[in-house]
Amino acid sequence: MSFVELKSVVKRYGTNTVLQDVDLSIEKGEIVAIIGRSGSGKSTLLRCINGLEPVQGGEVIVDGVAVHDPAANLRELRARVGIVFQSFNLFPHLTVERNITLGPTIVKGIAAKDAAVLAREALRKVGLEEKIHAYADELSGGQQQRVAIARSLAMSPHIMLFDEITSALDPELVGEVLLVLEAMARDGMTMLLVTHEMNFARRVAHRVVFMNQGKVWEQGPAQAFFADPKTDELKAFLNSVLH
């Protein structure tokens, strides 16, 4: 079985169907980029994968856990599924180190000194080890986003979900965050990214998924996907974002 398996997933908010019969599978170590217009269901899909949003139909299985099952231990699942949002959600009044050690100490019960080692290692991976004692609100937006990634990494996740994590950043800060993602890709992390950075998707993703009207409309290996779109909808979308 695939590492992540979505089968006929339906998500509604009231009478509004946001995801309609979505089928998607992701293998361990695979990097999948999800693209599409605003409102196509991309972010909702990520939130369903780690149980932040319940589904109204279908199955969501992640790392052997049936997320759609009301009896699923979602707290345990989320310790293995990292998610990083476009808003950094750091605690501004806490140090970078404390922001990162909160999860390992509270969720996993790891001793404070061991969590501090994890924090330093995670910061090293995102190139911010020297900021360990800084306060979150002293950092630039790009640095805050890298700390948010480090916070997820410190939990030793089996998969990382990224929801438009560069969209709130100034253009000159985007590159530093994408470099971190490229390093994680080289380390073999399984990643699912909702992104509007098309060049990054083309360069780093193994597979690109285009969502449209709440469905997986088209998908394929990154290079072929951009070179030869099969549907008019994808052609129109790529024309609007690449020109």
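How close do the axes of helix 5 and helix 6 come, and at what angle do they cross? The first legend takes this up. The model is predicted: local features need pLDDT of at least 70, side-chain atom pairs count only at pLDDT 80 or more, and totals for chains, interfaces and linings use all residues. Residues are numbered from 1 along each chain as its sequence is written, and side-chain values use heavy atoms, with hydrogens and water left out.

**View 1. Helix 5 against helix 6.**
The axes of helix 5 and helix 6 come within 8 Å and cross at roughly 20°. That makes helix 5 roughly parallel to helix 6. Angles under 35 degrees count as roughly parallel, over 145 as roughly antiparallel, 65 to 115 as roughly perpendicular and the rest as oblique. Axes are lines fitted to C-alpha atoms, for helices over the stretch in contact, and angles run from 0 to 180 degrees between N-to-C directions. Helices (H or I, at least four residues) and strands (E, at least two) are DSSP runs, numbered from the N terminus. Helix 5 passes helix 6 in a right-handed crossing. A crossing is right-handed if the near helix is turned clockwise from the far one by less than a right angle, and left-handed if anticlockwise. On the helix 5 side, the contact uses Gly-141, Gly-142, Gln-143, Gln-145, Arg-146, Ile-149 and Leu-153. Helix 6 supplies Leu-173, Glu-176, Val-177, Val-180, Leu-181 and Met-184. Contact means heavy atoms within 4.5 Å. By class, 7 of these residues are nonpolar, 4 polar and 2 charged. Ala, Val, Leu, Ile, Met, Phe, Trp, Tyr, Cys and Pro count as nonpolar, Asp, Glu, Lys and Arg as charged, and the others, Gly among them, as polar.

**View 2. Helix 3 against helix 4.**
Helix 3 (residues 96-106) packs on helix 4 (residues 112-125) at an angle of about 120°, with the axes 9 Å apart. The two helices are therefore oblique to each other. Their crossing is right-handed. Helix 3 makes the contact through Val-96, Glu-97, Ile-100, Thr-101, Pro-104 and Thr-105. From helix 4 come Ala-112, Ala-115, Ala-116, Leu-118, Ala-119 and Leu-123. The contact residues divide into 9 nonpolar, 2 polar and 1 charged. Buried residues of helix 3 include Asn-99, Leu-102 and Gly-103. Buried means under 20% relative accessible area, exposed over 50%, partly exposed in between (1.4 Å probe, protein chains only). Helix 4 and helix 5 are among the elements that cover the buried residues of helix 3.

**View 3. Ala-134 in its loop.**
Ala-134 sits in the loop between helix 4 and helix 5 (141-153). Ala-134 is buried, with a relative accessible area of 14%. Beyond its neighbours within four places in sequence, Ala-134 is in contact with Leu-94, Thr-95, Val-96 and Leu-139.

Asn-50 lies in the loop between helix 1 (42-49) and strand 4. Asn-50 is buried, at a relative accessible area of 2%. Leaving aside neighbours within four places in sequence, Asn-50 is in contact with Val-67, Leu-77, Arg-78, Val-81, Ile-83 and Leu-161.

**View 5**
Two strands pair if DSSP finds at least two bridges between them. Strand 1 (residues 4-13) and strand 4 (residues 57-62) are joined over 5 bridges. Val-4 has Val-62 of strand 4 as its bridge partner.

**View 4. The hairpin of strand 9 and strand 10.**
Strand 9 (residues 207-212) and strand 10 (residues 215-221) run antiparallel, joined by 6 bridges. The hairpin has 2 residues between its strands, and Gln-213 in the turn has a positive phi of about 55°. Val-209 has Gln-219 as its bridge partner, and Arg-207 stands opposite Pro-221.
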